[in-house]
Amino acid sequence: MPKSNSVPQVFENYSLKEYNTFGIEVKAQYFTIISSLESYVALLKAGQYAHVPHLFLGGGSNILCTQDIDALVVKNEIKGFEVIQEDEDHVILRSGAGESWDDLVSYAVQHQWSGIENLALIPGTVGAAPMQNIGAYGVEIKDTFDHLEALNLGTLVVERFEKNQCQFGYRESYFKHEGKGKYLISTVCFKLSKKPNIKTSYGAIQTVLNAKGISNPTISDISNVVIEIRKSKLPDPKEIGNSGSFFKNPTVTSEEADRLISSFPGIPNYPVEASTDIKFPAGWFIEQAGWKGFRDGDAGVHVNQALVLVNYGHATGIQILVIAEKIKASVFEKFGISLETEVNIY
Ligand code: EPU
């Protein structure tokens with residue numbers, strides 16, 4: 001699509017049902033789609049929507065809307081992939097923030113560039129990925145992230161953020177904290193390896209490879225296996241509304257971990273990189289507390305993965321939030337663990 005620098009069309013009272021993967025029916029006071037940074041800057045300079053907050057939306061795959069949104073919702077569709085640097089071993093691939101994350105993974109895998117193949121099929125856009133340092137199957141985007149470009153909404157200057165400025169942590173970044181609401185991410189660059197860097201140790205990857213008789217996997221094999229595992233556990237938002245993991249996996253001190261492991265022998269747990277803390281799967285606590293497969297009207301907890309809350313059709317955001325609050329209370333009562341939401345609640 002040619003780059004447009006004209007002011008994009010703005011709609012009023014616009015349904016967001018198609019723009020959030022929970023499929024919740026709420027309305028945005030104003031809604032627009034931008035295909036270039038220039039067009040958004042033109043909109044800002046026109047000044048017409050300066051009286052309302054601007055809320056940026058990527059794939060809408062990490063938001064639970066519990067009310068209509070009194071804001072200008074800006075859907076980022078800034079597209080394009082480009083190799084901006086290349087040597088014998090690596091490429092630096094730049095992606096528009098509005099590209100689908102999974103399209104980026106497919107593009108990298110097709111070109112045999114390694115580093116993000118374990119992150120296949122994660123819903124959402126490239127621009128949303130650094131916000132919460134998306135991760136799966138032993139890989140996070142911080143591992144291949146090179147830098148990003150973002151429009152400073154105060155100065156209207158495009159700033160470059162290197163990895164160390166992004167304060168990446170487990171589902172965390174600068175853009176969820178100090179940088180929140182201050183920037184529009186326009187492009188993200190990844191340093192990918194021309195030599196395959198195969199990671200099979202996490203979850204079921206190795207078991208599925210063994211079952212298929214694959215002893216020397218390529219990066220396409222890894223991405224195919226991850227897709228297969230995800231499809232078997234996680235509901236497809238096109239069929240059942242959801243936002244992936246609703247809560248973060250709780251991380252506790254080693255003393256607290258000892259308490260849990262001795263009280264609940266067999267509880268799965270994972271060491272946390274560069275720390276003595278231990279991470280426990282929230283899905284395990286939720287299942288043990290009896291919530292897996294729970295359903296109240298159209299709101300519920302997925303039957304195959306207790307960490308995923310679902311909308312079977314016409315649930316409201318509030319109905320889903322009520323279940324989330326009940327889950328939190330019951331996990332706290334049973335295990336003394338406070339779950340934190342991963343999804344942004346609006
Ligand atoms: N478990 C249960 N019952 C459940 C679900 C999980 O007992 O209903 C236990 C099992 O012991 C299982 C363990 O939890 O072995 C881990 O489950 P799983 O491999 O499904 O991963 P997860 O820890 O629940 C995390 C990420 C996912 C990511 C997977 C795979 C978070 C919050 N979630 O889930 O990311 O796909 O690992 O790497 O860290 C997302 O962020 O939206 C997301 C889907």
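A polar contact is taken here as a pair of N or O atoms within 3.5 Å; within protein, one must be able to donate a hydrogen and the other to accept it, and residues adjacent in sequence count only if both atoms are side-chain atoms. The model is predicted, so local features need pLDDT of at least 70 and side-chain atom pairs count only at pLDDT 80 or more, while totals for chains, interfaces and linings use all residues. Residues are numbered from 1 along each chain as its sequence is written, and side-chain values use heavy atoms, with hydrogens and water left out.

Oxygen atoms of the ligand take part in several such pairs. One is 2.9 Å from a side-chain N or O atom of Arg171, and a polar backbone atom of Ser245 is 2.9 Å from a ligand oxygen. For Asn249, a polar side-chain atom lies 2.8 Å from an oxygen atom of the ligand. The protein buries 83% of the 820 Å² that the ligand exposes when taken alone (Shrake-Rupley method, 1.4 Å probe).

The ligand is surrounded by 24 residues, each with a heavy atom within 4 Å of it; Tyr137, Tyr170, Asn249, Glu287 and Ala306 are the closest. Helix 6 provides the largest share of this shell, three residues (helices are DSSP runs of H or I, at least four residues). Both domain 2 (81–193) and domain 3 (241–345) contribute residues to the shell, so the ligand lies between them; the domain bounds come from an automatic or database domain assignment.

Ile327 is located in helix 7 (residues 317–335). Ile327 is buried, at 0% relative accessible area (buried: under 20%, 1.4 Å probe, protein chains only).

How values were computed. Helices (H or I, at least four residues) and strands (E, at least two) are DSSP runs, numbered from the N terminus. Buried means under 20% relative accessible area, exposed over 50%, partly exposed in between (1.4 Å probe, protein chains only).
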